[in-house]
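User: I am new to this structure and would like to learn how to read its features. Could you guide me through them?

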Amino acid sequence: GPFGPWEKPDGSPRMTRPEVHPLNVLMIGPMPPPVGGTTVLFASLMEALSARDDMVVRIVATRGVRGQGLNSPLALFGLASNIARTVRWADVVTLHVSTTGLHVLGPMVAFLARRCRRPLIIRKFGGTDFMTFSPARRGLILWALRRADLYLAETRRLVERAEELGLRGVGWYPNSRPMPRLPEAAAGNGRSCRRFVFLSQLYRAKGVVDLLDAAEDLPDGVTIDVYGTLGFDLPGTVFDGRRNVTYHGAVERDRVHDVLASHDALVLPTYYPAEGYPGVILEAYAAGIPVISTRTGAIPELVDASTGILVEPRDVGSLRAA
């Protein structure tokens, strides 16, 4: 048949199917460093596809464009030139981008893919609804998405929004992690929670200050270990003199599972409105621990009474009680 050797009906010599050309996949997206949610997801997918025998993957990294000041236009031109050269090689073009960059990279990549007659997949990270943007910005995003052959949204809410807008080829592509089969003891069985962990980028919208305030009145013997890179709006001194909290700095990607598994529960009191499916919540599930988080963004799609506790954002009292 079509998958291996075959013989003609007249009994003539055995033939083999011509070898199929591997699929050339161009992946445009945010390779680390720095290490963050989107870069980890992009790198994980790149590694998975590169391991396949039926695909050849090339990467165009999008980092280094934003935050360059006067050099940003030059950096964007260099990125566009690199993409334009590589699109001709590809059988399929894939763009992996957060909403903050979609209005710039989306139209650019859609134009180049269309010009070279290559199918395009756009994958959007995060839970931001771009219809809340200015008319010009959301117009650019819609222009790009309508020219993509497939638009992959991270949350169910964004899939529904895309369908309301009449976009074709819309798919739900949630963040994911390999989930090991956990021993029965890892499911909780009524064990007490005394060791909590926060693991994320450290800036105010992730609820770091709320977490520190909630920790002040927790009983002795309850600990909160904080891991992550300090963000732009929090000084390192924010942890000075705080009760029950220890800051450990950043954690290497290959240690995340072990760090989480050594605690009783994850705490993520974020009030960042564009939260999609935070990777650290998925990592916590893979490590067999429950989650305390907030009713923010798409987090209620991930956390319910069977897996943790949700509180209102910025509610320190409810966070302490949880």
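This is a predicted model: local features need pLDDT of at least 70, side-chain atom pairs count only at pLDDT 80 or more; totals for chains, interfaces and linings use all residues.

User: What does the secondary structure of the chain come to?

Analyst: The chain has nine helices and 12 strands. Of its 322 residues, 48% count as buried. The accessible surface is about 16,800 Å², and carbon and sulfur atoms hold 55% of that area.

User: Which share of the contacts with a separation of 6 or more comes from residues 24 or more positions apart?

Analyst: Such residues account for 65% of those contacts.

User: How many residues does helix α1 have, and what does α1 reach from its first C-alpha to its last?

Analyst: Helix α1 covers residues 37-50, which is 14 residues, and its reach of 20 Å is close to the 20 Å expected at 1.5 Å a residue.

User: Which residues of α1 are buried, and what do they pack against?

Analyst: The buried residues of α1 are T39, V40, L41, F42, A43, L45, M46 and L49. They pack against four strands: β1 (23-29), β2 (55-61), β3 (92-98) and β4 (120-125).

User: Which residues line the largest cavity?

Analyst: The lining consists of D210, P269, T294, V311, E312, P313, R314, D315 and L319. By class, four are nonpolar, one is polar and four are charged.

Technical notes. Residues are numbered from 1 along each chain as its sequence is written. Side-chain values use heavy atoms; hydrogens and water are left out. Helices (H or I, at least four residues) and strands (E, at least two) are DSSP runs, numbered from the N terminus. Buried means under 20% relative accessible area, exposed over 50%, partly exposed in between (1.4 Å probe, protein chains only). Contact means heavy atoms within 4.5 Å. Accessible areas come from the Shrake-Rupley method with a 1.4 Å probe; for residues, only the protein chains shown count as cover. On a 1 Å grid over the protein atoms alone, a cavity is a set of points where a 1.4 Å probe fits but cannot get out, and a pocket is an open set with protein on both sides within 12 Å along at least five of seven lines; lining residues have an atom within 4 Å of a point. Ala, Val, Leu, Ile, Met, Phe, Trp, Tyr, Cys and Pro count as nonpolar, Asp, Glu, Lys and Arg as charged, and the others, Gly among them, as polar. The expected span of a helix is 1.5 Å times one less than its number of residues.
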